[in-house]
Amino acid sequence: MQHIWIVLGVLFVFLNIAAGLIWVERRLLAMWQDRLGPNRAGPLGLMIVLADTLKLFFKEDWIPPFADKWVFILAPAIVVASVLMSFVIIPFAPGILVADLNVGLLFFLAMSSLGVYSIVLGGWASNNKYSLLGALRGASQMIAYEVFMGLSLMGVVMLSRSFNLAEIVAAQEKVWFIFLQPVGFIIFFIAGLAETHRLPFDIPESESELMPASMRSIPV
């Protein structure tokens, strides 16, 4: 029973942290761009994530008639499952973790690699050549930076002499590995940005290349 409560607690905390970080990101972007940002849904726009969630629930779940229906539905489910599975080996406190694996670090890298399958399957199942090209572009970036992410963690494994995350955390009791492996930390940070498609590695989203339809007719 205690294990079930730990699983539910991890899900609750991380899902709410994700919602809070979305709000923080929107407010910071608005401040940097000299605008208000979300300020309608709740005080200071705190309920904007809940409003977006409710909007998504009421939107039409449309599947292209020429797409492979089951693969089209399965693709986003794979990335959600892989992200949630990545949290099961993280030790939050002594005795508070979902699974204590001896190969926890390898399990984390394996789960992060599964996101590539969701992108490729989504582009392929849509039965659209442009979607497939976009999916291949996104997958190629993820695969390229996974190698550097794995190599940057080898220094941590050598210092702690273990792949178990709990033992890696305990090995940093006297000094954090970020001070012993500063180059590895920088490489891991850059690879993490690329894996999550954040700026300046947002090439798969191509947000900077898109413009509203109303602006495409404006002469330059």
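Helices here are DSSP runs of H or I with at least four residues, strands are E runs of at least two, and both are numbered from the N terminus. On that basis, helix 1 gives the largest pocket the biggest share of its lining, 13 residues. This is a predicted model, so to speak: local features need pLDDT of at least 70, side-chain atom pairs count only at pLDDT 80 or more, and totals for chains, interfaces and linings use all residues. Residues are numbered from 1 along each chain as its sequence is written, and side-chain values use heavy atoms, with hydrogens and water left out.

**Overall layout**

- You're looking at ten helices and zero strands, so the order from the N terminus is simply α-α-α-α-α-α-α-α-α-α.
- The C-alpha trace spans about 60 × 45 × 45 Å along its principal axes.
- Of the contacts (heavy atoms within 4.5 Å) with a separation of 6 or more, 60% link residues 24 or more positions apart.

**Surface and charge**

- Buried residues (under 20% relative accessible area; exposed is over 50%, and partly exposed is in between, with a 1.4 Å probe and protein chains only) make up 27% of the 220 residues.
- The protein exposes about 15,400 Å², and carbon and sulfur atoms supply 72% of that; the areas come from the Shrake-Rupley method with a 1.4 Å probe, and for residues only the protein chains shown count as cover.
- There are 13 positive and 15 negative charges, and their mean positions sit 6 Å apart. Lys and Arg count as positive and Asp and Glu as negative, while His and the chain ends are not counted; each charge is placed at NZ of Lys, CZ of Arg, CG of Asp or CD of Glu.

**The largest pocket**

- A pocket is an open set of points on a 1 Å grid over the protein atoms alone, where a 1.4 Å probe fits and protein lies on both sides within 12 Å along at least five of seven lines; lining residues have an atom within 4 Å of a point.
- The largest one holds about 2,300 Å³ of space, where volume is the space filled by probe spheres set on the points, and points are joined across faces, edges and corners.
- Its lining takes in 48 residues, and Val-83, Glu-195, Thr-196, His-197 and Arg-198 lie nearest the centre.
- At least two lining residues each come from several helices, including helix 1 (2-32), helix 3 (69-86), helix 6 (129-152) and helix 10 (182-195).

- The buried residues of helix 5 are Gly-115, Val-116, Ser-118, Gly-122, Gly-123 and Ala-125, and their cover includes helix 3, helix 4 and helix 6.
- Ser-118 has a relative accessible area of 7%. Leaving aside neighbours within four places in sequence, Ser-118 is in contact with Ala-75, Ile-78 and Val-79.
- Ala-81, over in helix 3, is partly exposed at 40%. Ala-81 and Gly-115 are 34 residues apart in sequence but 9.2 Å apart in space, C-alpha to C-alpha.

- Most residues other than glycine have a negative phi.
- Asn-127 belongs to the loop between helix 5 and helix 6 and counts as exposed at 53% relative accessibility.
- Arg-161 also has a positive phi, near 60°. Arg-161 lies in the loop between helix 7 (154-160) and helix 8 (165-170) and is exposed, at 78%.
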